[in-house]
Amino acid sequence: MVDLRWFLAVLVLWAAFVEGNNNLVFKVKHKYGGRGSSVLRELRAHDSFRHRRMLAAVDFQLGGNGQPTDAALYYTKLAIGTPSKNYYVQVDTGSDILWVNCAGCYKCPKKSNLGIALSLYDMKSSSTAKEVTCDQDFCTTMFNAPYSDCKVGMPCEYQITYGDGSRTAGYFVQDYIHFDQVTGNLQTKSMNGSIAFGCSGQQSGELGTSAEAVDGIIGFGQANSSLISQLAASGKVKKIFSHCLDTENSGGIFAIGQVVQPKVATTPLVPDEPHYNVIMKSIEVDGAPLDIPTYTFDTGSSKGTIVDSGTTLAYLPDTIYDPLMNKMMSKQSSLKIHLVDEQFKCFYYNQNVDNGFPVITFVFQNSLKLTVHPHEYLFEVQDGEWCIGWQNSGMQTKDGKEITLLGDLVLSGKLVVYDLENQTIGWTDHNCSSSIKVKDESSGNVYTVGAHDISSANAQNTGNLFMLLIFILLMM
């Protein structure tokens, strides 16, 4: 039984980067740990704000990463510069650059309600910092086109505008990032590497507020400007990453590189999409097909189903949500549904939910199945009070078609592999507190990588739960 303190949380990763034949270690922390039912409204608000960003026309494609039972999004503690200084940046699997707030930034947040100390990056304080100019190949590569109005020596600038009107703007710099390198089976040493990232000089809208404020964002999206794309373009890594977050014991794994074990079945990504979109074919309830209109899964211009680990819950259009809810509750017709925070459908139930409610299975192209058990799509607010994670999307594409978006509610307890080399995504049920095997492309060595927990002393000192997340950077 998963308590809401664990279920509705955001991980904080204490982080790293590498240049060379190396692996990395991350430590993570729940954002919403220990806050009980009061977090429900914030979860929905988080998803709502995120969707406004995702569905916007933006200069760089946007997305995210999170886990409903262990996270709603991640943020990482990066040590940047020489001498190094710590910065907290949100880990985002859909957005496409690493950027941090810089000295002199206009309307950057001064404090965070997350209980972390915010910092402003200053090039003048680092002996290894370099400004990236618009005439450098890096700048052209970032935008996949010649930089307009460029004159030699001018900075390589960027701007991102979100759907709610929030905006960040700045220029690219290059500096060292410090990390813990994994050198073998659960062995590490300290190293550093150099990477280009955005230096934000201006914020507006929600990005300038203290709510959920961090120092920046690190993107794992598909565009040329993302961290993984930069590494792949330099020949250092394969463009493959994976994550596995533990819902039971609060650990996890995040890896860049080829996963050798366990084996993962895959489905194609929809081409030319900024997010990780796939084609859903059907839905099963306890093995029986859900009776829904055939046109529900027509892609057309709706571009399939979005798989987004930055969204906490799962959002379904009316044509799926209504019949799914009716079928799911058909064997429990005596239960009285009530609303929590005027939006979450909840009920009282004192038995094992896995015995009283059906297993839901989403079926995708190539017959890939995503199975979600009752204890995963139901979460306990307090003893005996359960809320339903399925949400009516209320979201539409520009052509008016409703969106199907599957967040970490359905991804928990699974190893999820994003293979951008072959344009596929896949998953398999996995014990995320155990281990996976990954291949070092340079040496051919296969390493066993396991998840760990931080000591209870750290958890007591911070008032939040800390965990260790292994991050493997496998070089080519």
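Select F138 first: F138 is partly exposed, at 21% relative accessible area (buried means under 20%, exposed over 50%, partly exposed in between, with a 1.4 Å probe and protein chains only). The model is predicted, so local features need pLDDT of at least 70 and side-chain atom pairs pLDDT 80 or more, while totals for chains, interfaces and linings use all residues. Residues are numbered from 1 along each chain as its sequence is written, and side-chain values use heavy atoms, leaving out hydrogens and water.

**Aromatic pairs**

The structure holds 15 aromatic pairs. Rings of Phe, Tyr and Trp (its six-membered ring) pair if their centres lie within 6.5 Å; planes under 30 degrees apart count as stacked, over 60 as edge-to-face and the rest as tilted. F138 is in helix α3 (residues 137–143) and F172 in strand β8 (residues 167–184), 34 residues apart. Helices (H or I, at least four residues) and strands (E, at least two) are DSSP runs, numbered from the N terminus. F172 is buried, at 1% relative accessibility.

Next, select F220, F241, Y276 and Y418, which form one aromatic cluster.

**Disulfides**

A disulfide here is a pair of cysteine sulfur atoms within 2.5 Å. The torsion about this S-S bond is about 90 degrees, so the link of C139 and C156 is right-handed. Both C139 and C156 are buried.

How many disulfides are there by this rule? The count is six.

Now select C102 and C199, joined by a disulfide with S to S 1.8 Å. This link is left-handed, with -140 degrees about the S-S bond. C102 belongs to strand β5 (residues 99–106) and C199 to strand β9 (residues 187–204), 97 residues apart.

**The nonpolar core**

Move to W390. Which residues touch the most other members of the largest nonpolar core? They are Y121, F362, W390 and V410, in a core of 66 residues. Such a core is a set of buried Ala, Val, Leu, Ile, Met, Phe, Trp, Tyr and Cys residues joined through side-chain atoms within 4.5 Å. Helix α5 (residues 318–328) gives the most to this core, with five residues. Leaving aside residues up to four places away in sequence, W390 touches residues including Y321, L324, M325 and M328, where contact means heavy atoms within 4.5 Å.
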